[in-house]
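Here are a few exercises to work through with the model open beside you. Try each task before reading its solution.

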Amino acid sequence: MPEGHTLFRLARDLRDRFAGRVVSVTSPQGRFVEAAALLDGTEVVDAESWGKHLFLEFAQQRHVHVHLGLYGRFDLHDGAPPPPVGQVRLRLATLDEPANAPVSDPVGDPGLTAGRASYGDLRGATACELVTPEQVGSVLARLGPDPLRADADWTRAWASVSRSRAPIGALLMDQAVLAGVGNVYRAEVLFRHRLHPLRPGSALRRAQFESLWQDLVVLMAEGARLGRIDTVHAAPMPAQLALRAGAGEVDTAGGRVYVYRRQGEPCYVCGSRIRTEVLAGRNLFWCPRCQPKPRARATTQGR
């Protein structure tokens, strides 16, 4: 499932291509056809994400709520749209004249410019629905703070974590506690802070959680900028995570991670074998030496 940095980047790209422009809205697949007819020929006002949720705002306070789920994709392209291929739930295409002077993407994506003819195809999403501002508010009310949002208040997440004896590995994935973190960032940030994923939330100190949150802010912003997750080479590097000689080089896929899906492989820091275990239907990944198992008496500590 795409994590929060993917949705943040997608919202930015949709905003750069379509905000302030009149668009054609269709549903070649037919599952969004009535709502598409209401939006067709209107202006896109904005696009933003909150955690793993995407919101497209159109004129007259109409909003499209998208959740990509496990298999959803929203592919954006330059140029006039060709005939749709496959199960396209929603297609956006610009109708107005391109601007005379394209503006380069501010985060350095050389393939994206504002003002060009553009189109986007949404496929396989779990949710694609036309909603009111009140319904948008209801969705947001169910979500915790998002590390990628400037208005996020980490103390809201801390209030939930500090009261819970659930494992921190489960709490980080609970979107009502903290929005946008998925299995990769969960595994990686816990490793970077030497926290075992089964440690109870109430056993963390406030300063520990604040440091973990600030690391997520940096890691996820870097993921949104680059379009990939690289936690091994991301700065600032925790001092205790000095790499062993020859470990952690970037591979041909781009980023490199410490523990995610590396079960049985040697830890880049200590050489121990990475372990895995299922928690709430998702696989945990951790290093037994760098992330020692919490003692049975580890309960609520000083805040």
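Predicted model: local features only at pLDDT ≥ 70, side-chain atom pairs only at ≥ 80, totals over all residues.

**Exercise 1.** Does Cys 270 count as buried, partly exposed or exposed, and what is its relative accessibility?

Solution. Residues are numbered from 1 along each chain as its sequence is written, and side-chain values use heavy atoms, with hydrogens and water left out.
Next, recall the classes: buried is under 20% relative accessible area, exposed is over 50%, and partly exposed lies in between (1.4 Å probe, protein chains only). Cys 270 has 22% relative accessibility, so this residue is partly exposed.

**Exercise 2.** Find the cysteine sulfur closest to that of Cys 270, and decide whether the two are bonded.

Solution. A disulfide is a covalent bond between the sulfur atoms of two cysteines. Here the rule asks for a pair of cysteine sulfur atoms within 2.5 Å. The closest cysteine sulfur to that of Cys 270 belongs to Cys 287, at 3.5 Å, which is too far for a bond. By this rule the count is 0 disulfides.

**Exercise 3.** Locate the largest nonpolar core and say which element gives the most to it.

Solution. Start with the inventory: the protein chain has 7 helices and 12 strands (DSSP runs numbered from the N terminus, helices being H or I with at least four residues and strands E with at least two).
A nonpolar core is a set of buried Ala, Val, Leu, Ile, Met, Phe, Trp, Tyr and Cys residues joined through side-chain atoms within 4.5 Å. The largest has 26 residues, and those with the most contacts inside it include Leu 14, Phe 58 and Leu 90. Among the elements supplying at least two residues each are α1 (4–18), β1 (22–26) and β6 (88–94). The most comes from α1, with 5 residues.
Apart from this core lies another, of 25 residues, among them Val 184 and Met 220.

**Exercise 4.** Which residues does Leu 90 touch, leaving aside its neighbours within four places in sequence?

Solution. Count heavy atoms within 4.5 Å as a contact. The partners of Leu 90 include Val 25, Phe 32, Val 64, Phe 74 and Cys 128. Of these, Cys 128 is buried, at 11% relative accessibility.

**Exercise 5.** Where is Tyr 71 placed, and is this residue buried or exposed?

Solution. Tyr 71 is in the loop between β4 and β5. With a relative accessible area of 70%, Tyr 71 is exposed.
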